[in-house]
Amino acid sequence: AAASPGSRLCSPGSFAINIHCFMLMNDYFVMLQKTMFKEFAKVSPMKLLFNYKVDSNLYMRVVGILESACACLLCLGPRQLKILASLVLLILMMVSIQSLYFLKVPHQQMYTPPALLLFLLICNLFFLRKESVEIHVKAD
């Protein structure tokens, strides 16, 4: 059974696409992102594990492209690509929580938004896997 067009409008992917578009249109958010990613580059996994200096602008672009591509896949892709996109977003969210932890950001600002998004991505991944099992059961 194919998803109705209305269900795609309420998907996590369409929400993420709307947030990215809003943030790109607002100069304040662009400057805030650049400032944040300068700090994130200092504590990125590449820096901590391999002592490799990460370019903050490249880091911001790569993360933004990955998030946008995964959001499009969550919105429009087939089930296997939606699962892959959810896993990539889960990894990105865990890296962002790790970065905030190493930057010693206060707990009130650190855990709420990333932890909520992490929980929603886990729920989305669970429902995608459950949907996969239900289709196989109906086919038998």
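**Ground rules.** I am working on a predicted model, in which local features need pLDDT of at least 70 and side-chain atom pairs count only at pLDDT 80 or more, while totals for chains, interfaces and linings use all residues. Residues are numbered from 1 along each chain as its sequence is written, and side-chain values use heavy atoms, with hydrogens and water left out.

**Salt bridge.** I took a salt bridge as a side-chain nitrogen of Lys or Arg within 4 Å of a carboxyl oxygen of Asp or Glu. My count by this rule came to one. The pair is Lys42 and Glu39, whose side chains meet at 3.4 Å, N to O. Side chains of opposite charge can pair when their charged atoms come close. Lys42 and Glu39 are separated by about one helical turn, because they are three residues apart in helix H3. Glu39 counts as partly exposed, at 34% relative accessibility.

**Helix H5.** I then listed the buried residues of H5: Ser56, Tyr59, Met60, Val63, Cys70, Ala71, Leu74 and Cys75. They lie on the same side of H5, because they cover an arc of only 135 degrees around the axis. The arc is that of the directions from the helix axis to the C-beta atoms. On the face of H5 turned away from the buried side I found the exposed residues Arg61, Ile65 and Leu76.

**Ser56.** I looked at Ser56 separately; its place is in helix H5. Ser56 is buried, with a relative accessible area of 14%. Leaving out residues up to four places away in sequence, Ser56 touches Phe37, Lys38 and Ala41, where contact means heavy atoms within 4.5 Å.

**Cysteines.** How many disulfides does the structure hold? I found zero, taking a disulfide as a pair of cysteine sulfur atoms within 2.5 Å. For Cys70, the nearest cysteine sulfur is that of Cys72, 9.4 Å away. For Cys75, the nearest is again that of Cys72, at 7.3 Å. Cys70 counts as buried at 6% relative accessibility, and Cys75 is buried at 10%.

**Nonpolar core.** I defined a nonpolar core as a set of buried Ala, Val, Leu, Ile, Met, Phe, Trp, Tyr and Cys residues joined through side-chain atoms within 4.5 Å. The largest has 22 residues, and those with the most contacts inside it include Phe37, Tyr59, Leu90 and Leu118. Helices H3 (27-42), H5 (56-76), H6 (79-102) and H8 (112-139) each give two or more residues to this core. H6 gives the most, with eight residues. I also noted that Leu90 touches Leu118, Leu121, Ile122 and Leu125, not counting residues up to four places away in sequence.

**Asn51.** The phi of Asn51 is near 55 degrees, a positive value in a residue other than glycine. Most residues other than glycine have a negative phi. I located Asn51 in the loop between helix H4 (45-50) and H5. Asn51 counts as exposed, at 61% relative accessibility.

How values were computed. Buried < 20%, exposed > 50% of the residue type's maximum accessible area, 1.4 Å probe, protein only. Helix = DSSP H or I, 4+ residues; strand = E, 2+ residues; numbered from the N terminus.
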